[in-house]
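Please work through the exercises below with the sequence and the model in view. Each task is followed by a solution in steps.

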Amino acid sequence: MQDKNIAIIVSSLSMGGAERVASFLANNLPFNITLIVWSDKNRFYTINENVKLCVIGHKRGILGGLGANFSKILALVRIFKEQKINLVISLIHQTNILSIIASKIAKIKIIATEHSIYESLEQQKAWFFLRKIIYPYANCVTMLTSKDLQNYSFLQNVCVMPNPIELEKEELKDYSAYKPYILSAGRMIESKHFDELIEAFVKFNKKHKEYSLLLAGDGALKEGLEENAKNLGVKIVFLGKQKNLYSFYKQAEFFALSSHKEGLSNVLIESLMCGIPVVSYDCPYGPGEIIEHGVNGLLVKLGDVEGLSEAFCQMAVQKDILKQQAPNIKERFGKEVVLEKWEKLILSFFDKQQ
């Protein structure tokens, strides 16, 4: 594999799903890897010493954002030639568009990966339009779910490529003071609807007063959620940003997700891998392809707070049964399984060149 030079392009290595996938692929693919980022500030993910890191930076120039994007394209073409790149993997729509243009100039093949649902760009009219125009020039476009795949009928070479989930195990910390508890995690922003999760927990807690609710994550709405939770008379603990949730997963009774929008939802998969069943809103993408209702978790109608509370009550009774099937999620989303899919996809393009 040492004769195959792969460039992986992502905006940064700060905390985020696409950034985690980029670092995982860079560290684990058996090829010569050049990892290209726009910025290396606020790095959250580490990369191996054998991975070559190239930081392009942001040069706006006299044309502002347009000039910055043009500079990035030229920088990519230069790096492709210097590193003798054979194949490009890019992540996230804006990076994908610039990388596709650069790869076509350099006359090399590219796999563009989507990590947001198709509709997420509808408010960004220019990028939404450019995706329609530029994506057909990619040699392959991947997305996270079969449901989202249906939105790309204007493309021919598409496939589903889920995130590789890599659990960083640690020596179990003692969280018995919170037990029994429901765990949830995510950015505390409007689309995650932690307010509805808290409301459902309050209803659930009237019948199950022994339970606590643990919320991991940070975001613009965190302070307001904390303030509201103080006056509810229930046990809600805000854990803040946590780099490793392994100990929290392993000691939870079940995991809950109240998000209205998801690409796939790593936290649902991670919880199941730890043997913990899940309750989630059945939002348009993601949870329905992870959760087998009544087998490893429960799906609830989107926005139905009463239904979410009732699912908590049901899970409190059935959790030990559903736990038995939870670890089977590794057969679909385990890092070894997804890494093998990536290797096969990459090698298929080299086979076509021979």
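The model is predicted, so local features need pLDDT of at least 70 and side-chain atom pairs count only at pLDDT 80 or more, while totals for chains, interfaces and linings use all residues. Residues are numbered from 1 along each chain as its sequence is written, and side-chain values use heavy atoms, leaving out hydrogens and water.

**Exercise 1. Determine the strand order of the open sheet and name its edge strands.**

Step 1. Helices (H or I, at least four residues) and strands (E, at least two) are DSSP runs, numbered from the N terminus. Two strands pair if DSSP finds at least two bridges between them.

Step 2. The open sheet has 7 strands in the order β3-β2-β1-β4-β5-β6-β7, with parallel pairing.

Step 3. Its edges are β3 (52-55) and β7 (158-160), each of which pairs on one side only.

Step 4. At one end of this order, β2 (residues 32-37) is joined to β3 by 4 bridges in the parallel sense. Val37 has Val55 of β3 as its bridge partner.

**Exercise 2. Describe how α3 lies on the sheet and how α3 packs with α4.**

Step 1. Helix α3 (residues 93-106) lies across β1, β4 and β5 (109-113), and runs at about 175° to β5. Angles run from 0 to 180 degrees between N-to-C directions, and axes are lines fitted to C-alpha atoms, for helices over the stretch in contact.

Step 2. The axes of α3 and α4 (residues 125-134) are 10 Å apart, at an angle of about 40°.

Step 3. The two helices are therefore oblique to each other (under 35 degrees is roughly parallel, over 145 roughly antiparallel, 65 to 115 roughly perpendicular, and the rest oblique).

Step 4. Contact means heavy atoms within 4.5 Å. Gln94, Ile97, Ile100 and Ile101 of α3 meet Trp127, Leu130, Arg131 and Ile134 of α4.

**Exercise 3. Characterise the packing of α6 with α11.**

Step 1. The axes of α6 (residues 194-205) and α11 (residues 305-322) come within 8 Å and cross at roughly 55°.
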